[in-house]
Amino acid sequence: MAGKTQAPEFEQITVEQAKAIRAERTLNRRRFMAGLSLAGAAGSMALLGGCGNSHSNGSSTVMAAGPSETDVLNFALNLEYLEATFYSFATQGTDLPSNLTAGSGAITGAPSAKIAFPNQQITDIFNEIFFNEMSHVADLQSLIGSGHVARPALDLSAAGAVTSANIITIARQFEDVGTTAYAGATALLTGTNLAYAAQILAVEGFQAGALRLISIQQSAPFAAADSLDVPTSDPGAEVLATQGPTAAGGFFATSSTATATTSVPLATAFTRSTSQVLQIVYNAAGKTGVSKGGFFPAGLNGNIATS
């Protein structure tokens, strides 16, 4: 009809072209999320992947290079070394097999004997977690190949001498923090690397759920890793449980009506940046620019080692 603008015709594309467009959009979205994840702490400029400096002369913004996927996997491997070594001494009374620890740093603060757990079921759970974490070390070493870092020096007593009285508290924190660390890392990985990380993330989540329930049943003390940590708590009533975690905590370490945000929707897991994770394992709460301390007295091995 005269005077009416015709709607533009859409260009026809092939299925292959559509897949290529979708893949490119996914990659762009992942790059964007990577920038958000790495910006966890102001001052960690070496890790920023999505921020640059603007120049008053009108030149284009310079983007700082982010870590490589190998860097991210090696960061995860450092954490797996800590967890696997911790569970090895706690459940086996000895260190990890030597084929996993070539070139290792010194290990201090390990319990002198296997831990006596409250009952057989908890003993079995901890032993299965040991198997999982030891396997994760081997998995990541294999995935990374010759470029994988050696185990750094570890102080297993950074949260206090490991005993039957505190091991559930320490292990619960390890698993909750590990889950959120992998949740943050997935935005930085692609392909096979992403698949491996997602599969390990799921296992960390399984273990975290089990240990949170054990913590509640055994009335284990709760030690908050940071402000994102969700206390272990049974609300005690169906009507309360249907509202999700509260300020008192919950069964699961998920966002609540009070803590959910646009980036962490309601009832989803929190994510932690590398800086946030390092502040926890270095016992350096709220501090950026720290490169060693706590469980890692000489720092992590690899290119991601400063909070």
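In what order do the elements of the chain run, from the N terminus on? Okay, let's read it off together: α-β-β-α-β-α-β-α-α-α-α. Before we go further, please keep in mind that this is a predicted model. If you tally up the secondary structure, you get seven helices and four strands. And the chain has 307 residues, of which 41% count as buried.

Now, on to helix packing. Two packed helices are described by the angle between their axes and the distance between the axes.

Find helix 2, residues 69-92, and helix 3, residues 120-144. Their axes come within 8 Å and cross at roughly 150°. Angles over 145 degrees count as roughly antiparallel, and therefore helix 2 and helix 3 are roughly antiparallel to each other. What sits in the contact of helix 2 with helix 3, sorted into nonpolar, polar and charged? There we have 14 nonpolar residues, eight polar ones and three charged ones. As for handedness, helix 2 passes helix 3 in a left-handed crossing.

Next up, helix 4, which covers residues 167-185. That's 19 residues, and from the first C-alpha to the last the helix reaches 26 Å. At 1.5 Å a residue you'd expect 27 Å, so the value in the model is close to that. Is helix 4 mostly covered or mostly uncovered? Mostly covered: 19 of its 19 residues are buried.

Helix 4 has a packing partner too, helix 5, residues 191-217. Here the angle is about 150°, and the axes are 8 Å apart. That makes helix 4 roughly antiparallel to helix 5. Helix 4 passes helix 5 in a left-handed crossing.

Where is it? Look in the loop between helix 6, residues 238-241, and helix 7, residues 274-281. Would you call arginine 272 buried or exposed? The cut-off for buried is under 20% relative accessible area, and arginine 272 has 3%, so it counts as buried.

And which side chains does the arginine 272 side chain touch through polar contacts? One is the side chain of threonine 180, at 2.7 Å. Another is the side chain of aspartate 226, at 2.6 Å.

Okay, that's my tour. Thanks, everyone!

Conventions: Residues are numbered from 1 along each chain as its sequence is written. This is a predicted model: local features need pLDDT of at least 70, side-chain atom pairs count only at pLDDT 80 or more; totals for chains, interfaces and linings use all residues. Side-chain values use heavy atoms; hydrogens and water are left out. Helices (H or I, at least four residues) and strands (E, at least two) are DSSP runs, numbered from the N terminus. Buried means under 20% relative accessible area, exposed over 50%, partly exposed in between (1.4 Å probe, protein chains only). Axes are lines fitted to C-alpha atoms, for helices over the stretch in contact, and angles run from 0 to 180 degrees between N-to-C directions. Angles under 35 degrees count as roughly parallel, over 145 as roughly antiparallel, 65 to 115 as roughly perpendicular and the rest as oblique. A crossing is left-handed if the near helix is turned anticlockwise from the far one by less than a right angle, and right-handed if clockwise. Ala, Val, Leu, Ile, Met, Phe, Trp, Tyr, Cys and Pro count as nonpolar, Asp, Glu, Lys and Arg as charged, and the others, Gly among them, as polar. A polar contact is a pair of N or O atoms within 3.5 Å; within protein, one must be able to donate a hydrogen and the other to accept it, and residues adjacent in sequence count only if both atoms are side-chain atoms.
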